[in-house]
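Please keep the sequence and the structure in view while reading.

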Amino acid sequence: MALKCGIVGLPNVGKSTLFNCLSNAKAQAANFPFCTIEPNVGTITVPDKRLNKLAELVKPQRIVPTTVEIVDIAGLVKGASKGEGLGNQFLGNIRECDAILHVLRCFDDPNVVHVDGSVDPVRDKEVIDIELQLKDLETVEARIKKVEKQAQIGEKEAKRRFELLTRIREALLKGESARTVVTPTDDPALLAEFQLLTTKPVLYVCNVEEKSAVTGNAHVDRVKAAVAQENAEVIFVTAAIEAEIAALETPEEREMFLSDIGLNEPGVNKLIHAAYHLLKLQTYFTAGVQEVRAWTIHQGDTGPKAAGVIHSDFEKGYIRAEVIGYDDYVTLGSEAAARGAGKLRTEGKEYIVKDGDVMHFLFNV
């Protein structure tokens with residue numbers, strides 16, 4: 001499932017440092033603007049304690065976690081919508097992503113330069129919002145011109161497009177992102193066709209100094225207040241600490257380091273889970289002696305769709321699935337025990353897969 005989260009932000013706010021901590025790719029990180037030019041793409045393992053617990057019970061030959069792709073995109077400056085800095089390239093890279101991780105600098109350090117000369121995460125957020133909105137306004141107005149005449153004479157499809165585009169244009173003209181006026185009844189395929197930047201879901205990632213790693217700071221509070229109407233999540237991490245954690249070689253060293261600074265888990269774990277949720281993804285498991293594996297699906301996917309993630313033949317020839325809830329599997333200790341206790345269910349084509357389901361598919365091609 002090739003879904004991507006794009007890390008965006010002004011130049012020099014810690015995007016590449018976080019990317020390096022998150023992924024198996026290593027982006028350049030340095031104290032000057034536009035350090036990142038070409039987007040760096042990495043594959044992130046999604047940490048899941050449930051996978052490890054299943055492996056303890058089954059004792060498979062191998063364990064395969066699920067993953068998500070993350071893209072470190074060049075920094076943005078004012079005027080990007082008109083091509084300033086690396087604007088056109090930056091905006092094109094965002095268009096290819098499914099969700100946005102917006103990194104905001106929320107720490108004061110005179111030794112780390114800021115592209116605008118001072119630290120103000122709310123202003124920084126607005127800079128990027130405005131550039132994305134301006135680019136979307138350009139796109140929307142061009143599309144309106146194409147469908148307006150057909151809509152006026154009553155052509156059904158053109159009218160549907162015109163009404164949605166007009167609603168989005170009104171929001172953009174007021175300085176609001178398109179996602180604020182998109183409703184659950186709007187056609188996702190139609191929205192995807194427009195390829196707008198501000199319809200993408202966003203997670204705000206506040207990069208704080210070490211002393212604020214556990215509780216956050218005043219900058220984070222200002223960001224939360226600024227995005228309160230956006231229905232967007234805000235998390236905070238300390239990129240410098242995450243880099244130190246990533247450099248440690250053993251789990252024991254990492255646990256000791258985390259304990260010393262008062263954290264239960266690395267901040268990047270929190271970020272990965274938030275990104276996974278942002279993409280509206282969930283996990284189901286297959287568990288056998290050869291392999292215990294986590295599989296990524298969309299929330300709301302049916303049994304056949306879930307099977308198709310393994311192989312398209314599984315979806316085409318889907319007959320039924322044998323399903324054990326994760327809690328039942330762990331409580332009873334094995335598939336055989338779950339079957340004996342009547343906790344193994346047979347589900348058909350209409351079954352909506354639940355997060356954590358342990359599944360075995362029967363199919364015929």
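## Aromatic pairs

Ring pairs join Tyr284, Tyr318 and Phe361 into a cluster. Rings of Phe, Tyr and Trp (its six-membered ring) pair if their centres lie within 6.5 Å; planes under 30 degrees apart count as stacked, over 60 as edge-to-face and the rest as tilted. The model is a predicted one, in which local features need pLDDT of at least 70 and side-chain atom pairs count only at pLDDT 80 or more, while totals for chains, interfaces and linings use all residues. Residues are numbered from 1 along each chain as its sequence is written, and side-chain values use heavy atoms, with hydrogens and water left out.

The structure contains four aromatic pairs. One of them, formed by Tyr284 and Phe361, is edge-to-face, with 5.8 Å centre to centre and 90° between the planes. Because Tyr284 lies in strand β8 (residues 281–287) and Phe361 in strand β12 (residues 358–363), this pair ties together parts that are 77 residues apart in sequence. Helices (H or I, at least four residues) and strands (E, at least two) are DSSP runs, numbered from the N terminus. Tyr284 is buried, at 0% relative accessible area, and Phe361 is buried at 8%. Here buried means under 20% relative accessible area, exposed over 50%, and partly exposed in between (1.4 Å probe, protein chains only).

The pair of Phe285 and Tyr326 is tilted, since the ring centres are 6.4 Å apart and the planes stand at 40°. Phe285 belongs to strand β8 and Tyr326 to helix α13 (residues 326–332), so this pair ties together parts that are 41 residues apart in sequence. Phe285 is buried at 0% relative accessibility, and Tyr326 is buried at 16%.

## Overall make-up

The protein has 14 helices and twelve strands. Of its 365 residues, 48% count as buried. Among contacts (heavy atoms within 4.5 Å) with a separation of 6 or more, 68% are between residues 24 or more positions apart.

## Nonpolar cores

A nonpolar core is a set of buried Ala, Val, Leu, Ile, Met, Phe, Trp, Tyr and Cys residues joined through side-chain atoms within 4.5 Å. In soluble globular proteins, nonpolar side chains tend to be buried together. The largest core has 52 residues, and those with the most contacts inside it are Leu22, Ile70, Leu101, Val205, Cys206 and Val223. Helix α10 (residues 267–278) gives the most to this core, contributing seven residues.

Not counting residues up to four places away in sequence, Leu22 touches Ile7, Ile44, Ile70, Val268, Leu271 and Ile272. Another core, of 17 residues, lies apart from the largest one and includes Val140, Leu164, Ile168 and Ala171.

## Surroundings of Asn207

Asn207 is part of strand β6 and is buried, with a relative accessible area of 4%. Leaving aside neighbours within four places in sequence, its contacts include Val13, Gly14, Val103, Leu104, Val237 and Thr238.

## Pockets

On a 1 Å grid over the protein atoms alone, a cavity is a set of points where a 1.4 Å probe fits but cannot get out, and a pocket is an open set with protein on both sides within 12 Å along at least five of seven lines; lining residues have an atom within 4 Å of a point. Grid points are joined across faces, edges and corners, and a volume is the space filled by probe spheres set on the points.

The largest pocket has a volume of about 1,100 Å³. It is lined by 28 residues, of which Thr199, Lys200, Pro201, Leu278 and Lys280 are the closest to its centre. The second largest pocket holds about 830 Å³. Among the 28 residues lining the second largest pocket, Pro47, Arg254, Glu265, Pro266 and Asn269 are the closest to its centre. Helix α9 gives the largest share of that lining, five residues.

## Cavities

There are three cavities of 30 Å³ or more, and the largest cavity has about 60 Å³ of space. Its lining includes Val8, His102, Asp129, Arg179 and Tyr204. Helix α4 gives the most to this lining, with three residues.
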